[in-house]
Amino acid sequence: MARLVLPHAALRAAMSKRRPRIAVLISGSGSNLQALLDAQDLGGDVVRVLADKPEARGLDRARAAGIDAVAVSPTDHPDRPTWEAALTDAVVEADPALVVLAGFMKILSGAFVTRWPTVNVHPSLLPAFPGGHAVEDALAWGAKVTGCTVHFVDEQIDHGPIIAQAAVTIAPDDDRVSLHARIQAVEHDLLPEAVRLFCAGRLTLDDRTVRVAPAS
Ligand code: GRF
């Protein structure tokens, strides 16, 4: 049974006292992180960026924006639980209201992803093409339309309640690179919009359906 920690009255009350603090986890380029950093009126502040690889380009993007950026690498820890404990400590220090997985390629335990409200951006229209090869899988399937999904994270992979989705048409001559580039262009609008809705306290959960309250 999936457990979720989601915006509720107490969280909205806490958030009303201060702008929500956001921790972003990345593994690579960090173009979605950049979209968050560039977003106008996000309603919250990216206060710490964490990567599982010291060479992740997104760490440089964060530092260029004056944001605390830290690598917590599995190779520096004897086993996965110890690594995740170190990552947890690094997130706890940031005291976030929201954790964003923006191209974070490591699987996290249920205990981690349910400790904070956590959202993920995934390059397909879930539940189609979950997993780490969503763009290739859509092409191999011969799909004509794919897209991207921003969802709350639960204890199953690419499974939690969907906050927002957008479709991308697959062209006959698309390859992984061309299709992923068009999907990412859409992600760069969709992820900030989902985070904006969260920070505004407009997201609630009805079973596994995310409801968006009207702007007040
Ligand atoms: C994105 O396409 C996202 O959907 C997937 O990983 C990619 C990360 O890209 N989970 P970037 O690091 O944000 O450029």
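Q: Two strands pair if DSSP finds at least two bridges between them. So what's the bridge partner of Val24 in β4?
A: Val100. This is a predicted model: local features need pLDDT of at least 70, side-chain atom pairs count only at pLDDT 80 or more, and totals for chains, interfaces and linings use all residues. Numbering starts from 1 along each chain as its sequence is written, and side-chain values use heavy atoms, leaving out hydrogens and water.

Q: In which sense do β1 and β4 pair?
A: Parallel, over 4 bridges, with β1 covering residues 21-26. Strands (E, at least two residues) and helices (H or I, at least four) are DSSP runs, numbered from the N terminus.

Q: And what's the strand order in the sheet?
A: β3-β2-β1-β4-β5-β6-β7, an open sheet of 7 strands with mixed pairing.

Q: Which strands stand at the edges?
A: β3 (68-71) and β7 (162-169); each has a single partner strand, so one side of each has no neighbour in the sheet.

Q: New topic. How many aromatic pairs are there?
A: There are 2. Rings of Phe, Tyr and Trp (its six-membered ring) pair with centres within 6.5 Å; planes under 30 degrees apart are stacked, over 60 edge-to-face, the rest tilted. Trp83 and Phe104 are stacked, at 6.4 Å centre to centre and 10° between the planes.

Q: What does that pair tie together?
A: Parts 21 residues apart in sequence, because Trp83 lies in helix α4 (residues 80-94) and Phe104 in the loop between β4 (98-101) and α5 (110-113).

Q: Is Trp83 buried or exposed?
A: Buried, at 1% relative accessibility; the cut-off is under 20%, with exposed over 50% and partly exposed in between (1.4 Å probe, protein chains only). Phe104 is buried too, at 7%.

Q: How are the rings of Phe112 and Trp116 arranged?
A: Their centres are 5.5 Å apart and the planes at 65°, so that pair is edge-to-face. Phe112 is buried at 2% relative accessibility, and Trp116 is buried at 8%.
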